[in-house]
Amino acid sequence: MANSTKEVRMYLRIRNLCGLLGVILPWLALFSAGIAQHPHPREWWWSISATYYQSPALVGVLVPACIVLLSYIGYNKTDNLITSISGVFGLGVVLFPCYVSWLPAGSPVGFFQVPIEVSNIIHMACAALFFFTIALNSIVMFTKTGGHMTERKKIRNRIYKICGWSMIALECCFVIVRLIGAPGYCVMILEILLLNLFGFAWLVKGKAFKCFNDVEEEEVTILETR
């Protein structure tokens, strides 16, 4: 029983760590890039991905989050596959940086030093697939239950679905923003919303908010600590 309880707590900490990293990433990236020297007066804050060229925050936060996803052990093989794939795509976002206007065309960038135009295509694909698999995990896997569904579990499932479908809707907004040529900062806003939805879903899954946790589980925790 003690070992089982320790394992549960370990998984909750892993989920909370992943959620916390998702929530703090945009703000840490903006802050660290904001105090650095700006290569462009405006475009440096138009995308979290663009802060890659000014601050180590994106790499320093996203890489650990991806490692957590890759090492995460879920309910079954499907759960493991989805989280592992999302971790791989997340690493792709870091390994293949996005395009920025202040670097000349053909500039070798990223871990593999590929031309920036090629890197940008891979970066965009990895980012889209990263958020899609994260959303899929929230909608399909987080909502599963092994037995009786409590009222608070129903509430948590609604939260997971809202977060997941909202992430998919925001990805569609990315396409619209690109097509209509919306101001660059719209991309940053969408990225902040996506990462906060991702982080919130994982924090709820990690039982970081007592108001969403099952009352029965709280009673068991109290008895164990006596």
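Me: How many disulfides are there?
Reply: The count comes to zero disulfides, a disulfide being a pair of cysteine sulfur atoms within 2.5 Å. This is a predicted model, in which local features need pLDDT of at least 70 and side-chain atom pairs count only at pLDDT 80 or more, while totals for chains, interfaces and linings use all residues. Residues are numbered from 1 along each chain as its sequence is written, and side-chain values use heavy atoms, leaving out hydrogens and water.

Me: New topic: where does Ser138 lie?
Reply: Ser138 belongs to helix 4, residues 116-141 (helices are DSSP runs of H or I, at least four residues, numbered from the N terminus).

Me: Is Ser138 buried or exposed, and why?
Reply: Ser138 counts as buried because its relative accessibility is 1%.

Me: What is it in contact with?
Reply: Leaving aside neighbours within four places in sequence, Ser138 is in contact with Thr143, Tyr160, Cys163, Gly164 and Ala201 (contact means heavy atoms within 4.5 Å).

Me: Which residues of helix 3 meet helix 4?
Reply: Among them are Ile82, Ile85, Phe89 and Val93. On the helix 4 side, the residues involved include Cys126, Phe130 and Met141.

Key: Helices (H or I, at least four residues) and strands (E, at least two) are DSSP runs, numbered from the N terminus. Buried means under 20% relative accessible area, exposed over 50%, partly exposed in between (1.4 Å probe, protein chains only).
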